[in-house]
Amino acid sequence: FDCNYRERLVSYSASRRGSASFVHLFRLNLIIMIKMNALVTFVSLLIFVVLAHGADETCSAGGQGCNQETSEAWGVAGFDSLDALLKARLSPEELKEARRIMYGFNAGDAVREGNITAASRSLAHEKEFDLQAYKFLAAPEQMRAPRNVKVGLIQHGIVLPTTDGFPEQKQAIFDRVKELIDAAGAEGVNIICLQEAWTMPFAFATREKQWCEFAESAEKGESTVFLQELARKWNMVIVSPMLERDENHGDTIWNTAVVIGNNGNVIGKHRKNHIPRVGDFNEATYYTEGNTGHPVFQTVYGKIAINICYGRHHPLNWQAFGLNGAEIVFNPSATVGALSEPMWAVEARNAAITSNYFVGAINRVGTEVFPNAFTSGDGKPAHKDFGHFYGSSYFAGPDASRTPALSRGRDGLIIAEMDLNLVQQVKDRWMLRITARYELYAALFNEYIKEDYTPQVITDPSLEG
């Protein structure tokens with residue numbers, strides 16, 4: 001959104017002045033120029049310029065959705081995100097109703113905005129990242145105190161070109177992520193999750209093996225040591241999705257998430273269960289399906305799990321974490337708009353509803369261009385990038401509510417304060433565990449995996465004619 005262009009100001013800001021539309025005002029000026037004398041025309045044009053200048057001042061002050069570096073390639077009608085567009089275009093009452101329909105209600109209202117200190121807002125402006133905060137409420141209980149925890153998600157792009165040296169690329173990402181984690185720590189975040197393979201470009205479509213140099217030990221690698229210090233500094237649990245080198249088993253590589261405790265200890269790790277074979281996303285050149293099951297990690301702040309990227313397309317993968325008692329499930333991802341964006345706003349929210357837990361969905365941002373062109377056997381010409389990673393990280397609650405999303409193109413930190421009592425309250429209300437028929441599902445799956453399985457299909461006799 002380029003605040004210096006009056007044409008765009010007219011087009012995008014029609015409802016920012018109450019019921020008056022800049023488009024209508026511009027048309028009115030044209031009519032006046034034709035029908036009225038020059039003096040009236042001059043006054044009318046002066047009014048228009050003053051109003052336009054006022055919008056410029058709003059933009060330069062950092063109003064939501066107004067980002068002078070926003071690219072036409074990823075903006076939504078010139079705004080950072082769909083949510084920023086709606087907030088700019090709708091009145092508070094209209095926005096509330098739109099969010100009720102789109103995002104559901106939590107405790108009788110749209111998910112409330114949380115508090116952010118002035119210092120953090122200033123830092124976000126200075127360091128150029130999107131910063132948002134929200135709050136999920138639960139009903140007061142007589143027998144249990146609230147179990148409030150602050151959870152954060154970080155999305156970011158690569159910092160240096162993929163043609164730069166690998167150590168320099170990695171260090172630049174470390175420096176950027178430290179700024180974002182420090183911002184989260186200053187806001188009192190207890191648990192934070194980074195995006196899939198956060199230490200590197202998402203190079204897994206290139207099929208070039210030099211990118212394996214970014215792999216490291218999950219327990220003792222450079223990224224784990226780096227985050228352990230920050231975990232201790234902020235008394236924070238950190239989930240670190242990274243490329244693992246398993247030194248104990250032939251130096252094989254896994255797509256892994258490491259869970260670092262608030263004392264800086266490594267609680268455990270989980271390896272990606274489902275590997276995509278869709279277009280450019282054919283990652284089996286580097287690693288295979290994980291072997292860690294569906295672990296839930298008991299931390300000082302609650303029970304958490306990680307459903308890495310492509311696993312979000314598999315409902316049973318989500319459900320298994322719920323059966324093991326997860327209260328918060330993170331979905332660190334790397335996905336592009338042309339492939340998955342229509343699904344993005346639905347899948348994590350649906351999982352939160354059907355499995356009765358909170359979900360944090362994280363996606364990286366930016367377009368990563370690689371030195372050499374690659375193809376993916378899909379008929380498309382050779383190309384050097386996946387497409388645009390559209391960010392849009394958000395939280396979803398077990399009560400069908402969700403937050404707005406972060407920017408489609410900027411680095412960002414989204415924080416949600418949540419009362420984990422809501423998990424049990426929703427379970428008691430909907431009784432999905434009690435009404436489920438696990439014995440039926442188990443019987444079906446036990447038959448399905450057999451070589452001689454016959455689908456249970458009842459055919460209309462008249463079709464057998």
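Colleague: What is the volume of the second largest pocket?

Modeller: In this predicted model, the second largest pocket has a volume of about 270 Å³.

Colleague: And how many residues line the second largest pocket, and which lie nearest its centre?

Modeller: The lining is made up of 16 residues, and those nearest the centre of the pocket are Leu 82, Tyr 103, Ala 345, Arg 402 and Ala 405. The elements that contribute two or more residues to this lining are α4 (82-89), α5 (92-103) and α10 (337-355).

Colleague: Which element gives the largest share of that lining?

Modeller: That is α10, which supplies four residues to the lining of the second largest pocket.

Colleague: How does the lining of the second largest pocket divide into nonpolar, polar and charged?

Modeller: Nine of the lining residues are nonpolar, two are polar and five are charged.

Colleague: Staying with α4 and α5, at roughly what angle do their axes cross?

Modeller: The axes of α4 and α5 cross at roughly 150 degrees and come within 9 Å; angles over 145 degrees count as roughly antiparallel, so α4 and α5 are roughly antiparallel to each other. On the α4 side the contact is made by Leu 82, Asp 83, Leu 86 and Lys 87, and on the α5 side by Leu 95, Met 102 and Tyr 103. By class, this contact has five nonpolar residues, two charged residues and no polar ones.

Colleague: Now α10 again: which residues make its contact with α9?

Modeller: The axis of α9 (residues 315-323) comes within 10 Å of that of α10, and the two cross at roughly 40 degrees, which makes α9 oblique to α10. Trp 318, Gln 319 and Gly 322 of α9 make the contact with Glu 347, Ala 348, Ala 351 and Ser 355 of α10, and these residues divide into three nonpolar, three polar and one charged.

Colleague: Is the crossing of α9 and α10 left-handed or right-handed?

Modeller: The crossing of α9 and α10 is right-handed.

Colleague: Which residues in α7 and α8 meet?

Modeller: Among them are Phe 174, Lys 178 and Ile 181 in α7, and Phe 226, Leu 230 and Trp 234 in α8. The residues of the contact of α7 with α8 divide into seven nonpolar, three polar and five charged.

Notes. Residues are numbered from 1 along each chain as its sequence is written. This is a predicted model: local features need pLDDT of at least 70, side-chain atom pairs count only at pLDDT 80 or more; totals for chains, interfaces and linings use all residues. Side-chain values use heavy atoms; hydrogens and water are left out. On a 1 Å grid over the protein atoms alone, a cavity is a set of points where a 1.4 Å probe fits but cannot get out, and a pocket is an open set with protein on both sides within 12 Å along at least five of seven lines; lining residues have an atom within 4 Å of a point. Grid points are joined across faces, edges and corners, and a volume is the space filled by probe spheres set on the points. Ala, Val, Leu, Ile, Met, Phe, Trp, Tyr, Cys and Pro count as nonpolar, Asp, Glu, Lys and Arg as charged, and the others, Gly among them, as polar. Contact means heavy atoms within 4.5 Å. Axes are lines fitted to C-alpha atoms, for helices over the stretch in contact, and angles run from 0 to 180 degrees between N-to-C directions. Angles under 35 degrees count as roughly parallel, over 145 as roughly antiparallel, 65 to 115 as roughly perpendicular and the rest as oblique. A crossing is left-handed if the near helix is turned anticlockwise from the far one by less than a right angle, and right-handed if clockwise.
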